[in-house]
Each structure stands twice: as structure tokens, then as C-alpha cells.
Amino acid sequence: MSTAAPADERLLTRSHLRRVLSRPELGAVVGAAAVFVFFSFVADSFLQASSLSTVLYASSTIGIMAVPVALLMIGGEFDLSTGVMVTTSALVSSMFSYQMTANVWVGVGVSLLTTLAIGFFNGFMLTRTKLPSFIITLGTFLMLTGLNLGFTKLISGTVSTKTIGDMEGFESARTVFASHLTIGGVDLQVTILWWLGLVALATWVLLRTRVGNWIFAVGGGADAARAVGVPVNKTKIGLYMAVAFCAWISGQHLLMSYDVVQSGEGVGNEFLYIIAAVIGGCLMTGGYGSAIGSAVGAFIFGMTSKGIVYAQWNPDWFKFFLGAMLLLATLLNAWVRKRAEATK
């Protein structure tokens, strides 16, 4: 009596439950829903349109950077220089425009080139020296911190830049990077559109392009990826330059919002970007995660930071809640992955 040959596992279709459980952002979505419901009950003003607008703005300022940081983590690397790189971008744009008495857009363009060069430097040093990204970007962090303060005091004589609000091109630059939009009677910052656009672009790259396959392959194992023809070095350099590009966007928003920049800003923000990506489902070991998850992680950050204020709690507790969310999200993500593997 003949027995049926076992089905080829490549031809088996995954159950709907398994597909849902395998999504990196599932844990973050569950957490975001819980945080939203919680603050809806404990803070009476949380559900007001103006409050939600403020929450979205706080989320977008973190989310713009969390998107490329998530892609970088999926590729198996870190960047500890992101926080001060944002400030560097703003400082270069401001000081170049002011000192050269040029149009603000000239300073914006120079800032873009400078910031991309920093990203290239991080990626190039990583691929050439084979040192851990923690060491490379920690060095960049320290150098940029010193340069930000040193050059600002040398050129401006103080720790902040001169105002550029009356210069030619400032208003149009503010429209692009720091304007307000009114949609349905709700005032929204343009950074929200930047954030959503970057999430959509990054998601398309990860799921619909060959570059996305390269990013996952590099994060899963650089040697194995190289063996099948993946351009590992170019992929990693490109990821660092993507981080730099988003740092440029954030830096221009910082400058155009206040028209002056403090040289010491940005220190510590790099951890917020990483936390948002991890809460969103990115693994510290690389090869797993999503851009949508980083957006949900940033949204949780925005809800928590503003929800505490609306609930009239002591804001000194914010870092405690942020750390607790990081641990809970990591544990939940690990549980979700185990459940997904159990449904195979």
C-alpha cells in the first residue's frame, strides 16, 4: 500500500493567525492600544482634537528619526550619533547662512551635503575597520558634540547661533520644514506629513524592493549575505546615509521652528530613537523589524510624554514609564515571535 508523499513545505500556505503573529509590529500595536485606552480614562483632555494634534507632533519629532534607525537596526547596526547629528545639521545651516550672508536655502543645501558626509563617514569607517558600530558611532557622537560647541562658540561667541529669521528664504524654508496645516479644523505640524511619508517610503523599500531584501539579509548574517551576492558594504553605507538624511530633515525643522539653535541640544535623543524602534519590534541582533513598527513605537512615546502632562502627573516619572515600556515591549515581542514559531 503506497503512502502519500509529504507536501512540499514551500507550497504550504501560512494560516491567517500565523501571518498576524509573525508581524514585527504586532506587539507595539497592542501596546499602543493599551496606552491609548489608559490615558483616555485617566486624562479627561486626552481625546480632544488639540491634544491629539500635540501627541502626533511629539510622535513625529521622534518618528522621523526612528524610521531610518529601525532600518539600520534591521541591517544589524546602531548609530549613537543621531541625536547630536540633528543639532549639527541645524548649526551648519544656520551658521553658514548667517556668516556668508547667503540665502537661507544655500545654508540648507550645505547642511544636507555635510550631514550626508557624516553618514557616509560612519558607514565607511564601519565597513573598512570592521569595528563594532557601537564604537564607531560613539566616536562620532563625541566628536560632533565637541565640534558643535567649539565651532558655535568660536564663530558666534556664545553657545547658540544668531537669529536668521529676517534672512531671505527663511519663510519659504519654514513652510517646508516647520509650517502648520489645518485639516478638518485641527492644526497639524508639517513634520507629521514628513513622518508618514518616510514611513510609507521605508515600508515600500523593505517589502517591495531588492534593497529591502538586502537589508534583511545583511542583518540576518553579513557573511551569508555576501556569499549570495548581496553588496553588504554598500547596503550598510546607504543605511547610515539614510539616517543622516532624516537627521537633516529634523535639524532643519529645529532651526526653522526657533530660528536659533543651542549647540548642546540633541544629546540623549539617540536613545529615544532606538527605544522607539525596539518597542516597534526591531531586534537588537538585526534581521527583524519594520518601519511601521517604529512609527507605532514613536506614537507610544508621544502618547506617554503628553498623556502624563494631561493627566497632571509629575513629569519626572516619564523616564520610568519609558523604561518600563521598553522592557514590556521587548518581552511581548519575544512572546509574539515564539507564538508565531509555534504555529508553523
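Predicted model: local features only at pLDDT ≥ 70, side-chain atom pairs only at ≥ 80, totals over all residues.
## The nonpolar core

The largest nonpolar core comprises 77 residues, and those with the most contacts inside it are V104, M256 and I300. To this core helix α3, which spans residues 49-74, gives the most, contributing 12 residues.

When its neighbours within four places in sequence are left aside, V104 is in contact with S97, I164, M167, E168, G169, F170, A173 and M256; M256 is itself named with V104 among the residues that have the most contacts inside the core.

## Helix α8

Helix α8 runs over residues 190-208, and its 19 residues reach 27 Å from the first C-alpha to the last, close to the 27 Å expected at 1.5 Å a residue. Its buried residues are V190, T191, I192, W195, L198, V199, A202, T203, V205 and L206.

These buried residues of α8 pack against the helices α3, α7 (170-178), α9 (210-220), α11 (232-258) and α13 (291-310), and also against strand β2 (186-189).

## Helix α9

In α9 the buried residues are G212, I215, V218 and G219. Seen down the axis of α9, they fall within an arc of 130°, so they line one face of the helix. An α-helix has 3.6 residues a turn, so residues three or four places apart point the same way.

The face of α9 turned away from this buried side carries the exposed residues R210, N213 and G220, whereas the buried residues of α9 pack against α3, α8, α10 (222-227) and α11.

Definitions and conventions: Residues numbered from 1 in each chain as written. Heavy atoms only, no water. Core = buried A, V, L, I, M, F, W, Y, C linked by side-chain atoms within 4.5 Å. Buried < 20%, exposed > 50% of the residue type's maximum accessible area, 1.4 Å probe, protein only. Helix = DSSP H or I, 4+ residues; strand = E, 2+ residues; numbered from the N terminus. Contact = heavy atoms within 4.5 Å. Expected span 1.5 Å × (residues − 1). Arc of directions from axis to C-beta.
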